Amino acid sequence: PAPPSDARRSNDDVVALNAAARELFGPGGAHPEVLVDDLYAAIVEFCVSDPATTCYPNTCDCPAMQDAGSVFSAAGRRYLAIHAAAEIAP
């Protein structure tokens, strides 16, 4: 997600790119055999579970996951790595 502090990208851009990817990959896409791990949804779900960041990514940042703009913090990178590993692990 691109929070409001990201001056280079809007969250609408990210949502549009993800929609285009869903047209190509995963269930309902042109290539349904490709596994899709929705990391966008994972980060948003994590951030909105905190009462201080329920407004993420629309009107506030999520400092627990991102340092500045769309740059993931060390904790954010670990969270995404674990999420992805859990999705592909046998």
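Modeller: Val34 is partly exposed, with a relative accessible area of 32%. Keep in mind that this is a predicted model.

Biologist: Where is Val34 placed, and which residues make a nonpolar surface patch with Val34?

Modeller: Val34 sits in the loop between α1 (11-24) and α2 (39-48).

Biologist: Which elements do the buried residues of α2 pack against?

Modeller: The buried residues in α2 are Tyr40, Ala42, Ile43, Val44 and Cys47. They pack against α1, β2 (71-72) and α3 (74-88).

Biologist: At the start of α2, which backbone nitrogen does a side-chain oxygen of Asp38 reach?

Modeller: Look at the start of α2.

Biologist: Is Asp6 buried or exposed?

Modeller: Asp6 lies in the segment before α1. Its relative accessible area is 9%. Buried means under 20%, so Asp6 counts as buried.

Biologist: Which backbone nitrogens does the side chain of Asp6 reach?

Modeller: One is at 2.8 Å and belongs to Arg8. Another is at 3.2 Å and belongs to Arg9.

Biologist: Which residues does Asp6 touch, not counting residues up to four places away in sequence?

Modeller: Leave out the residues up to four places away in sequence. Asp6 then touches Gly69 and Ser70.

How values were computed. Residues are numbered from 1 along each chain as its sequence is written. This is a predicted model: local features need pLDDT of at least 70, side-chain atom pairs count only at pLDDT 80 or more; totals for chains, interfaces and linings use all residues. Side-chain values use heavy atoms; hydrogens and water are left out. Helices (H or I, at least four residues) and strands (E, at least two) are DSSP runs, numbered from the N terminus. Buried means under 20% relative accessible area, exposed over 50%, partly exposed in between (1.4 Å probe, protein chains only). Contact means heavy atoms within 4.5 Å. A polar contact is a pair of N or O atoms within 3.5 Å; within protein, one must be able to donate a hydrogen and the other to accept it, and residues adjacent in sequence count only if both atoms are side-chain atoms.
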